[in-house]
Amino acid sequence: MATHKILLLPGDGIGTEIAAAARKVIAWFDSRAGGVFEIEEDVVGGAAYDAHGVAITDAAMDLAQASDAVLFGAVGGPKWASVPYEVRPEAGLLRLRKDLGLFANLRPAICYPALADASSLKREVVEGLDILIVRELTGGVYFGEPKEIRDLGNGQKRGIDTQVYDTYEIERIARVAFDLARTRSNKVSSSEKHNVMKSGVLWKEVVTAVHAREYGDVALDHILADNCGMQLVRWPKQFDVIVCDNLFGDMLSDVAAMLTGSLGMLPSAALGATDPATGKRKAMYEPVHGSAPDIAGTGAANPIAMIASFAMALRYSFGMVDEANLLDKAIAAALDTGARTRDIGGGDNSVGTEAMTATILAALD
Ligand code: ATP
Ligand code: MG
């Protein structure tokens with residue numbers, strides 16, 4: 001039987017608590033499938049800095065390179081606020097993304113029926129919502145050169161960032177979006193601002209060409225990024241897959257996040273290129289939220305974002321789609337029992353990380 005190699009990197013703060021929840025869920029699927037998972041574990045972020053003086057070791061990077069999927073908790077916290085910039089906890093995450101070549105960030109926004117009233121929007125607008133934002137992660141204005149603050153010498157300074165996209169970068173993210181759309185509702189909305197940006201003109205041109213050449217069966221429309229933000233809060237169910245650049249993706253995925261109620265619910269994936277020799281692709285799965293230092297150590301963290309991130313690994317890295325669907329259903333069923341952590345409105349009746357995890361495991365059983 002094929003073995004799937006998982007590298008678990010809990011990190012800091014609630015990262016270690018939600019990683020414990022993930023271990024239990026992985027073990028449930030492992031025993032059901034007869035031992036298909038091989039799990040390695042290492043430190044990252046502040047924990048790696050404390051142990052090794054770096055945000056991630058070369059040895060951990062080797063494990064990541066050898067894995068089929070990295071499951072990442074969260075990094076950072078006030079304890080490491082003054083460590084040198086190059087070894088700050090977040091540098092571990094950035095090195096993983098860069099060295100694994102993770103150029104496609106997948107951020108689903110799913111509104112579970114039991115939580116539809118926790119959204120900032122009306123129930124009818126968000127109930128049953130299931131959209132996927134595909135954000136380009138390694139290019140665009142976050143990395144383009146020149147990038148500097150220039151002293152103009154007359155008491156003035158100039159802040160410069162440069163948006164750069166090459167054809168190949170747009171082609172590969174477009175393919176990820178079209179391939180994913182084929183496994184969903186077969187519809188892609190490509191979002192840019194070609195009316196004011198040259199990179200937007202190229203983006204629209206390249207996505208259109210990839211579509212015409214390779215994905216005639218998928219519906220494609222183009223939407224300006226500002227309008228896309230507006231439509232996301234007006235009637236989000238009009239979308240299935242939204243593909244966009246790094247900057248617009250950053251913003252649009254946070255807008256979409258608020259539709260669903262809570263940060264503690266949201267998983268994500270970052271995918272690299274498929275190796276033609278093995279057919280496998282590098283991948284990392286992580287909750288959207290951070291290390292939540294304010295609740296770390298209290299056992300109150302919501303484990304759902306982490307558990308749903310493992311569901312994405314089942315779906316996108318291990319080809320275990322039925323199992324992924326089962327786990328997503330178990331999360332919904334656990335919420336249907338009324339179990340709530342504090343972040344999703346549990347109030348005085350809130351359950352903690354362990355009880356929420358146990359409720360999900362019971363739903364799986
Ligand atoms: P980062 O910079 O690492 O993204 P952040 O400042 O955005 O961190 P988070 O760590 O994500 O912040 O936390 C933001 C708020 O949401 C905090 O009040 C935190 O307690 C809460 N929060 C985040 N994740 C969870 C979770 N899984 N369960 C419960 N509350 C959470
Ligand atoms: Mg944050």
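# A guided tour of the predicted model

Begin by selecting helix H1 (residues 14–33) together with H10, which pack at an angle of about 40° with their axes 8 Å apart. Helices here are DSSP runs of H or I with at least four residues, strands are runs of E with at least two, and both are numbered from the N terminus. The axes are lines fitted to C-alpha atoms, for helices over the stretch in contact, and the angles run from 0 to 180 degrees between N-to-C directions. H1 and H10 are therefore oblique to each other, given that angles under 35 degrees count as roughly parallel, over 145 as roughly antiparallel, 65 to 115 as roughly perpendicular and the rest as oblique. If you turn the view, you can follow how H1 passes H10 in a right-handed crossing; a crossing is right-handed if the near helix is turned clockwise from the far one by less than a right angle, and left-handed if anticlockwise.

Before going on, keep in mind that this is a predicted model, in which local features need pLDDT of at least 70 and side-chain atom pairs count only at pLDDT 80 or more, while totals for chains, interfaces and linings use all residues. Residues are numbered from 1 along each chain as its sequence is written, and chains are lettered from A and ligands numbered from 1 in the order in which they are written.

Next, select helix H6 (residues 167–182) and helix H7 (residues 198–214), whose axes are 9 Å apart and meet at an angle of about 50°. That angle makes H6 oblique to H7, and the crossing of H6 and H7 is right-handed.

From H6, move to Asn-186, in the loop between H6 and strand S8 (187–192). Asn-186 has a positive phi of about 65° although it is not a glycine. Asn-186 is partly exposed, with 14 other C-beta atoms within 10 Å; a residue is buried if 20 or more other C-beta atoms, placed from the backbone, lie within 10 Å of its own, exposed if 12 or fewer, and partly exposed in between.

Now select Ala-292, in the loop between strand S12 (281–287) and helix H10 (304–316). Ala-292 also has a positive phi, near 45°, and is a residue other than glycine, but Ala-292 counts as buried, with 24 C-beta neighbours inside 10 Å.

For another backbone feature, go to Pro-146, in the loop between strand S5 (130–136) and strand S6 (148–151), where the peptide bond from Glu-145 to Pro-146 is cis, with omega near 0°.

Then select Asp-226, Asp-250 and Asp-254, which an unreviewed UniProt entry lists under "binding site"; UniProt positions follow the numbering used here, feature names are shortened, and annotations may be inferred rather than shown by experiment. Although these residues are spread over 29 residues of sequence, they cluster in space, with a largest C-alpha distance of 13.8 Å. Asp-226 lies in helix H8 (residues 225–234) and Asp-254 in helix H9 (residues 246–259).

Finally, select ligand 1, which is surrounded by 15 residues, the closest being Gly-264, His-289, Gly-290, Asn-302 and Asp-343; a residue is near a molecule if its C-beta atom, placed from the backbone, lies within 6 Å of it. The shell has six nonpolar, seven polar and two charged residues, where Ala, Val, Leu, Ile, Met, Phe, Trp, Tyr, Cys and Pro count as nonpolar, Asp, Glu, Lys and Arg as charged, and the others, Gly among them, as polar.
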